Amino acid sequence: MAKDGVFNWTVIVLTCQHKDSVYSFQRELEVRQQRGTIPSGTLLLVVSDPQERLGSGGATLNALLVAAEHLSARAGHTVVTADVLDDARILILHTGRDFPWDGCSRAFCWMPITGPKGTVEGPVCCLDILLECLSSKICPGSPPGVWVCSTDMILTLHSTPEMSWEGFSGVRVLALPGDVPYAVSHGVYITDGQGGVRNIIYKGSEERIRQAVLPDGKVPLVSGPVFLCKVVSERLLQTHVTPPLDGCTYLGMDSGAPSLQISLFLDILMCLCTDVSEAQFVNEERPGCSSPVGPQGVTVRNARSVLWRTLRGTPLTMVYIPDGCYDYLTLSGWEHIKRLAEKGRQRDTLSHIQNGQCVSSGGRVINSVLEGDVSVAEGAIIQHCHLQGPLQVNSGCLFSGLENTSSYIHQLPLTKDIIIQGHRVQLGELKLTVFTVLGAHDNLEVRSEDASATFLNQKWTEFYSCTGIRPEELWASWKSECSTAPCLLDARLFPVFQPQGGAAGLEGVCWLLGGQGSLESWRSAWRLSLREVLALTDQDGELRRREELFFEAARRRVSDTLKGHLDFSLLPSIRAAVLGGQQEKLLRMLDSVAAGSSEDLGVAARTLASIADVLGCLAGEGSGGLRSGPAANPAWAPAFSLLKEGKLEAGIHALASERLKWLSRPDLLVRAARHYEGAGQILLRQAVMSAQKFVFIGQGIMPPMGEWQEVECPARLDLSGGWSDTPPIAFEHGGTVVNVAVKVDGKRPIGAKVRRIPECRLVLVSSSGAPDCTVTMETVCEVLEDLEDHCQPHAPGALLKAVCVCSGLVSLPSQQSLQEQLSQRWGGGLEIHSWSLLPHGSGLGTSSILAGAVLAAVYRCTGQTYDTDSLIHAVLHLEQTLTTGGGWQDQVGGLVGGVKVARSKACLPLRVEVEHLSLSTDFLSTLQQHLLLVYTGKTRLARNLLQDVVRSWYGRLPSIVENAEQLVSNAEECGLAFREGSLCKLGRCLDNYWKQKKVMAPGCEPAAVRIMMNALRPLTLGQSLTGAGGGGFLLLLTKEAQQEETVRHVLNNTQCLGDFSIHTVELDMEGICLSQPS
């Protein structure tokens, strides 16, 4: 019945008053289904009432008929059959009558709240609040049947009500608590104390309402949700062919049956109340119902008799929810303003505000764009507006549907508690905007001659005196035969057309408020009343305009997020834009942001990643292939070349032009997304290369020809903070890492040596692996072309070639040949050797440390001087040239000895600052005895994980942003644990670090490693795979000292581990070490 917390409705039917609203309301439901708030398999139907004033009972019967008809057709039947209700769970929602404060009905009235953090951004309307409440709290567990509810109220349940559905039969109603004075204007249930409903009192006297008072002092309000079991639903459905109830349905209307109005509560449910007799039910006058003695009296009595015969005897029970809240959306403007001001706590909802300081904390801005200084006072509401300051919106005011299409908006003589609305109406083929103005305290339905009647919060007599308007000018067309006196709803106050000037704008509103204009101009205009305006509202046009505002505000927020380096996820906005067909406008905006970010390449890189996300969304979830993949198609090469040359704007335009050719199929879209990520990587590398600013290389004495310059380096153990050092996280969020330099099995495992040779060539020799299984590769470069693949990580000798280029050993490209350069600069060639005793993918920082070692040896061999800080930043630059990416913590760990905390600030250029921790010799000795390394036998390459992590960071997934902050804070805690000399705290930090790594890179814990860690947990204070995870070495901080044999014994007796080996750790306090010349 329920899946993933969402109730699996078979059908959701939304009824509406106007037939012109069917298409637009259907689209609104489908959008919610696409966003995931309605199950994908649910049949969505929007049904217009076949006649005016059908009543909630008639609308329910008609909706049930339409639902059964569609289910019958789906099941292959040629006639409506009740059998389709056997397993169906149907929800019928009624939108009800027009709502003066929202032309799209109460159902689609936006609330100033955001929904749960989902995958797609969207508004929360009254309908959404109700659907969530029904689907997650009220309806789960209910058997097949029909739920019926109105959308004219907001239900709030603080807990999930306990309802037993075992063996249920009949009808169940839900009631929420209310006060007696409030209930006088509404309805209450009278119960027998056991949950059975005896009677329903609607708008009764206070004395009658008090009969329903419960022990908690509250009365059970008629609160909306009603459940009809399968049997009752079938019986009700059968009445659609029984006169006169057939007059409630579209089939009856099409068959010529006379129309009929019946109420769900006061007709259908009333006949089930145990205290109600047949005569009372059939003949009684009830407020809010068709009269049994009026012109249709016979028809009404006959309809009630049919209901009595069909449904009488069905149990009607009530479930009371004492901690629930029922908020009916009345016609009171002041109540609605207060509701919007108090609902939720956020100042702006899905809006873009240029100057946020102008909006008070108690003001509310909903789905609007505010440019310039638009001041919003406490308790003021702006919704669905696009406004340009300067403008002051005073307390208690509601602005809705306004745009800067007229200068009059700045001339409005505004006071407090004023409601101004722009209504999109349709008059035949003509579509235009009609503006209305009202006082927040005006009673729309009170008779005009009543002493309490007001307009613009002032007595009618005062308004007549100020304006010269006569009452007969407002209600001249009021039908004399009407039994009720005219009210504010029917006053033709609002100009629509001027005989000479065409459509009236805000001028009429301005004059009514006491501003510019004239009585003559008002009199000459064709005018409408608020009731007429609401009836003529173009709901489809209004919903589409709101959607346009929603996407316009979203694009502006996306732009601000990118330019402002804000940690907001853009993916919900991107998905909403793609679902709404707004991708072209979004892509144009993103192109503009990227092209204009030459001064901040970090912004440009994130923007290109966002374009890749748009393309990925267009391809569809799981369609077109994996997001990660190659990005070197020749068609994109011209654009990439422009970016590499620093021609950002031209490169962005070239990318956009090429993009147009890749939009036709999901697989092409995914490949285009990969190339946009590749383009972003180019800009990211250029941003990180700003670290070269902190590389200072001096000139010393060049050693003799043939003299080896040899360096050795320890490995690196990362203890906390890794991934926060990875660009772009390192310069957009800021990074902090704690690591330590170590010898493995008593040796510095990484080294390089370089010497000059007479031959003008480069001899590059790299070795890897333990002495008994060393793999050596030799590459000889005799021409510049041999170095052109220095930026391809998998090319032979790529790392050593990149060192030759980045160290200035040779220039590439160059007009000079390789031999000429080597001869002129160094008097010959160079022979470069590098080695690592560690296995590939060890997680101990090998490649970055090795790059630092080779750079240091080359600098010494060529007579250049450097310091460790310069070497750290030179490796950053080199790895961007090599296109391997990666962060800065590895070279910090291996080039700087001992334990240290390294940090980078959230800014460019990227600079790494290292704090060496001065720790006691005793603590260092103790630490060393508690550290062990276990080689898991699993290899991994950080680059396999890097692309996914960078994509997640650019998308600012909330879990990744939160985790980045936790990585940094845990690193600071780890540094504190070292200063305090606490192994226990250090162990907790190490365990937390491993959890954080798994959040950053899901899948980095192979099953065999998980088994290994679980087996060793009783022996350790903390443990973590080193580096990015996925394999390599497992670092253990053991509870007891010198646990090598104990660990070996445990692992030898653990199944499914494969090959593993245990290695001792010795702290290295020197870091990079220079050997004596040889």
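**Overall architecture and local features of the predicted chain**

The mean positions of the 93 positive and 112 negative charges of the chain are 1 Å apart, where Lys and Arg count as positive, Asp and Glu count as negative, and His and the chain ends are not counted. Each charge is placed at NZ of Lys, CZ of Arg, CG of Asp or CD of Glu. The structure is a predicted model, in which local features need pLDDT of at least 70 and side-chain atom pairs count only at pLDDT 80 or more, while totals for chains, interfaces and linings use all residues. Residues are numbered from 1 along each chain as its sequence is written, and side-chain values use heavy atoms, with hydrogens and water left out.

The C-alpha trace spans about 120 × 75 × 60 Å along its principal axes. The chain contains 35 helices and 45 strands, taken as DSSP runs numbered from the N terminus (helices H or I, at least four residues; strands E, at least two). Of its 1078 residues, 58% are buried; buried means under 20% relative accessible area, exposed over 50%, and partly exposed in between (1.4 Å probe, protein chains only). Among contacts with a separation of 6 or more, 69% join residues 24 or more positions apart, a contact being heavy atoms within 4.5 Å.

The largest nonpolar core comprises 247 residues, and Ile-420, Trp-460 and Phe-978 have the most contacts inside it. Such a core is a set of buried Ala, Val, Leu, Ile, Met, Phe, Trp, Tyr and Cys residues joined through side-chain atoms within 4.5 Å. Helix α23 (residues 666-688) supplies the largest share of this core, twelve residues. Another core, of 106 residues, lies apart from it and includes Ala-59, Leu-93, Cys-273 and Leu-316. Beyond four places in sequence, the residues touched by Phe-978 include Leu-719, Val-738, Val-899 and Leu-986.

Helix α25 (residues 798-806) is largely enclosed by the rest of the structure, because nine of its nine residues are buried. Its buried residues pack against strands β35 (762-768), β36 (775-781) and β37 (829-836), and against helices α27 (846-861) and α28 (868-881). Gly-808, which follows α25, has a positive phi near 85 degrees. In the loop between α25 and α26 (818-826) lies Pro-813, and the peptide bond from Leu-812 to Pro-813 is cis, with omega near 0 degrees. An unreviewed UniProt entry assigns residues 821-898 the annotation "domain: GHMP kinase N-terminal"; UniProt positions are given in the numbering used here, feature names are shortened, and annotations may be inferred rather than shown by experiment. This span is 55% helix and 13% strand, and its end C-alpha atoms lie 40 Å apart.

Two aspartates were examined individually. Asp-725, in the loop between β32 (715-720) and α24 (729-734), is buried with a relative accessible area of 5%. Outside four places in sequence, Asp-725 touches Ala-730, Val-737, Gly-887, Trp-888 and Gln-889. Asp-128 belongs to helix α3 (residues 126-138) and is buried at 15% relative accessible area. With neighbours within four places set aside, Asp-128 contacts Arg-32 and Pro-123.

A cis peptide bond with omega of about 5 degrees joins Gly-389 and Pro-390. Asp-417, not a glycine, has a positive phi of about 60 degrees and is buried at 15% relative accessible area. Asn-457, also not a glycine, has a positive phi of about 65 degrees and counts as partly exposed at 29% relative accessibility.
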